[in-house]
Amino acid sequence: MSTRILGIESSCDETAAAVVADGREILSSVVASQIDIHRKYGGVVPELASREHLRQIVPVVREALAQAGMKLADVDAIGVTKGPGLVGALLVGITYGKTLAEALGKPLIPVNHLEGHVHAVFLEAHKAGREVKLPAVCLIVSGGHTVLYEVKPEDLDAQGAGARLHYRKIAQTRDDAAGEAYDKVAKLLGLGYPGGPVIDRLAQGADDRAVEFTVARIKDGKADFSFSGIKTAVLHHVRKNGIAPVSDPARVPDEVKNLVASFQRAVVTALVRRLRRAAEERCPASLILTGGVAANSLLRREAARAAEELGRPLVAPPIALSTDNAAMIAAAGDVAFRKGVRAGWDLNAEPHLPLG
Ligand code: KG4
Ligand code: ZN
């Protein structure tokens, strides 16, 4: 009989629930996005996010169970995102998870959201019948995080799904996360929220050399990421050239397309340069790319090229598993569950929960 974990995720602007069997097989995955609510503000408004999680959490969990053909009583444990994320948003998932666990007499498992993003990769690899070779250099790049890890199994004999992992941070952003820079640049140009997918699309076929942004060379192996400089350079360019925010999304001027393509090239160059440097220094068995920005077509292409040149496989989840979802939380929860990790009734949100 398989172990079935109900995952609950509410760290930012997606209310999500999923059921995963044995940490490998996704029986259901439901994501209620709040994009329409936050769009007019050009970013996530924390109070609105919490309120919407409250509205969505019960129907979303119900739908995840229905799609898996299960009842609450069939669940073996409940995995819930403990952090990092928005405190009010996290508390909705945590409180609901606690209530379910108490009412059903099931174990409650605390899950680190970032570890969830890593497990999205294992879920995908399992589906494709592949194994993620460890140690890996792993880039988690999203709206809230840009962080590079070395990932190793705690036990060298245990690899792949189910293995408890050890994380060592190599680099992180000093200021904005890469996805945050995408969102802010899109807001500045009137392109809507979230900015990543819009910029990704507008950049296709545009001149990405039209505007030169400086991408810092990596002087030493400890170098962190920084994206606020590129974002400010976009702002200066917009002011200097009198570029007005786009009013009709169906008619974006070439000047704006070229600007966002150039911005994207700068961001992707910075990310891939750092990933490549870490891989050169550590000679990992594979490279991992995950998080919302891993959905970016140029980043995927350039990271794949770097991996090929280094002679290492690049593993990245499909887009649905790159952005926030609860299947990744259930998969990470499964590993912790098997190791006996349990949350007490005092489980609280940790907005800045570190990994590794
Ligand atoms: O992982 P995620 O769903 O939520 C966080 O944990 O932050 O990531 C959301 C971020 C947003 O900033 C969004 O603009 C970005 O991922 N994103 C993209 C793309 N799709 C989503 N960025 C660049 N290119 C994309 N195609
Ligand atoms: Zn995320």
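Mentor: The discussion below concerns a predicted model, and it takes up the ligand and then some backbone features.

Trainee: What makes the approach of aspartate 200 to ligand 1 a polar contact?

Mentor: A polar contact is a pair of N or O atoms within 3.5 Å. A polar side-chain atom of aspartate 200 lies 2.9 Å from a nitrogen atom of ligand 1, so the pair meets the cut-off.

Trainee: How do you know that serine 142 and histidine 117 qualify with ligand 1?

Mentor: An N or O atom in the side chain of serine 142 is 3.4 Å from an oxygen atom of ligand 1. For histidine 117, a polar side-chain atom lies 3.5 Å from an oxygen atom of the ligand. The limit is within 3.5 Å, and therefore both pairs count.

Trainee: How much of the accessible area of ligand 1 does the protein cover?

Mentor: On its own, ligand 1 has 550 Å² of accessible area, and the protein covers 91% of that. The ligand sits in the largest pocket.

Trainee: Which elements give two or more residues to the shell around ligand 1?

Mentor: These are α4 (113–127), α5 (178–188) and α6 (195–203). The largest share, four residues, is supplied by α6. There are 19 residues around the ligand, and Gly143, Asp183, Asp200, Asn296 and Asp324 come nearest. By class, the shell has 11 polar, five nonpolar and three charged residues.

Trainee: Why is ligand 1 said to lie between domain 1 and domain 2?

Mentor: Domain 1 (4–115 + 321–338) and domain 2 (134–312) both contribute residues to the shell, so ligand 1 lies between them.

Trainee: Which peptide bond at proline 84 is cis?

Mentor: The bond joining glycine 83 and proline 84 is cis, with omega about -10°. Proline 84 is in the loop between β4 (77–83) and α3 (87–104). A cis peptide bond also joins leucine 134 and proline 135, where omega is about 0°. Proline 135 is in the loop between α4 and β6 (136–141).

Trainee: What makes aspartate 22 worth a remark?

Mentor: Its phi is near 55°, a positive value in a residue other than glycine. Most residues other than glycine have a negative phi. Aspartate 22 is found in the loop between β2 (14–21) and β3 (25–33).

Note on methods. Residues are numbered from 1 along each chain as its sequence is written. Chains are lettered from A and ligands numbered from 1 in the order in which they are written. This is a predicted model: local features need pLDDT of at least 70, side-chain atom pairs count only at pLDDT 80 or more; totals for chains, interfaces and linings use all residues. Side-chain values use heavy atoms; hydrogens and water are left out. A residue is near a molecule or strand if one of its heavy atoms lies within 4 Å of it. A polar contact is a pair of N or O atoms within 3.5 Å; within protein, one must be able to donate a hydrogen and the other to accept it, and residues adjacent in sequence count only if both atoms are side-chain atoms. Accessible areas come from the Shrake-Rupley method with a 1.4 Å probe; for residues, only the protein chains shown count as cover. On a 1 Å grid over the protein atoms alone, a cavity is a set of points where a 1.4 Å probe fits but cannot get out, and a pocket is an open set with protein on both sides within 12 Å along at least five of seven lines; lining residues have an atom within 4 Å of a point. A molecule sits in a cavity or pocket if more than half of its atoms lie within 2 Å of its grid points. Ala, Val, Leu, Ile, Met, Phe, Trp, Tyr, Cys and Pro count as nonpolar, Asp, Glu, Lys and Arg as charged, and the others, Gly among them, as polar. Domain bounds come from an automatic or database domain assignment.
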